[in-house]
Amino acid sequence: MIEYRSIRVALLGAGSVGSQVARLLLEHADELANRIGARLELVGVAVRDVDARRDVDLPRELLTTDAESLILGADVVIELMGGLEPARTLVLKAIASGADVVTGNKALLATHGPELFAAAQQVGAQLSYEAAVGGAIPIIRPLRDSLAGDRIERILGIVNGTTNFILDRMDTTGASLEDALATATELGYAEADPTADIGGYDAAQKAAILASLAFHTSVPVESVHREGITGVTAAQVESARRAGYVVKLLAICERLVDPETGQEGVSARVYPAMVHRAHPLAAVHGANNAVFVEASAAGPLMFYGAGAGGVQTASAVLGDLVAIARRHVLGGPGTAESTHAELPVLDIGRISTRYAITIEAADEPGVLATIAHVFADHGVSVGELEQTINDGTGRATLVIGTHEARESALAETVRALADSPVVTSVASVIRVEGAE
């Protein structure tokens, strides 16, 4: 039997993901050792309460509440606690001690990423985070390594399973947002407090990570434009369906030229948008995630799979761990993050997109001409028009699709429509993303 050296692994957190990571490390120890050329020794699992019930029965002797002491005796630290503190402090302590770190903590990376990467680079440590975006989907390593020689132009991502489940159910069953959310909660897809998901906060953190990586630029989470799905209505989803579209919450990261300065910049934003049913993202159902990458040389690439789940996300964590362990066997410093470009992050008004605008207006001669003048006055071209007459009310419902125009011009058009005497109300506004 081959005798392998040991690589000491400390695990912080034993929730749904952490407990599965521990189980897989223990159950597949021999297979992983043969694969790596070294044995991964789980030296301990830091938890808040050693007596708490867990998804997996872990050996009690591995559990400890002393995370700091556990870190100091490890070669690799896996952080799956979540939240900003004490995760940030513990990760910095691990790096300072010379340990490599694997984390799935999107909030930590989106908020303190530059600080953590700088600390790791200073000591030659590796900080890996495949599990932070997309659950089991391999997207971080493809962007960082496989596409390192290419130029990423745009990323469209469905990166939150809860909101995708809700919007998919609204599309397929006609359910309201409230009913779809109730079903998601009942099935365990939504937390008791779903604000992070339906408010777009979770997706915004992931957008910050993806944009920073894809464009070699530090993109702080506060620079990501964020809109959740709380304003999406069943009528809006049905209107999109009739027009051949589906509503998805998208994380969009793209390389742009600032129309005012002519300089290159990047945009990172999260909002619900209509996606044509011919686009690959339209076929992402349930709680699944997908990331659609548009690269200059490689062209369009699609990464699809389970965006959450304990054992699924544990797969991504173990992938990072195996890669780090192999580096321990072969030697050499960790891979540093590339932020050499440092492009400016452009505000939402600088992007170009399309809109679908639903208007309640008076049903009388000259109304369409008046509305058309509003669009023309702001330099926005109308592409499609759907009109429904509300019998007996003297009103008509207009759904107007625009050609691509600057976001700032579209926003001004919407404001002017709301102020127009022939418009009763602007019932809904939604962007249209993704080519057919």
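Predicted model: local features only at pLDDT ≥ 70, side-chain atom pairs only at ≥ 80, totals over all residues.
In which strand is alanine 405 found?

1. Residues are numbered from 1 along each chain as its sequence is written, and side-chain values use heavy atoms, with hydrogens and water left out.

2. Alanine 405 is found in strand E16, residues 405-406 (strands, E, are DSSP runs of at least two residues and helices, H or I, of at least four, numbered from the N terminus). Alanine 405 is buried, with a relative accessible area of 8% (buried means under 20%, exposed over 50% and partly exposed in between, with a 1.4 Å probe and protein chains only). Not counting residues up to four places away in sequence, alanine 405 touches Ile351, Ser352, Thr353, Val380 and Leu410, where contact means heavy atoms within 4.5 Å. The C-alpha atoms of alanine 405 and tyrosine 355 are separated by 8.7 Å, although these two residues are 50 residues apart along the chain.

3. Helix H1 (residues 16-27) packs against helix H12 (residues 310-330) at an angle of about 60°, with the axes 8 Å apart; axes are lines fitted to C-alpha atoms, for helices over the stretch in contact, and angles run from 0 to 180 degrees between N-to-C directions. That angle makes H1 oblique to H12, since angles under 35 degrees count as roughly parallel, over 145 as roughly antiparallel, 65 to 115 as roughly perpendicular and the rest as oblique. The contact is made by residues including Val17, Val21 and Leu24 of H1 and Ala314, Val317 and Leu321 of H12, and its residues divide into nine nonpolar, four polar and one charged (Ala, Val, Leu, Ile, Met, Phe, Trp, Tyr, Cys and Pro count as nonpolar, Asp, Glu, Lys and Arg as charged, and the others, Gly among them, as polar).

4. In helix H11 (residues 234-242), the buried residues are Gln236, Val237, Ser239 and Ala240. Seen down the axis of H11, these buried residues fall within an arc of 160°, so they line one face of the helix; the arc is that of the directions from the helix axis to the C-beta atoms. Among the elements that cover the buried residues of H11 are helix H7 (161-173) and strand E9 (245-257). Just after H11, glycine 244 takes a positive phi of about 90°.
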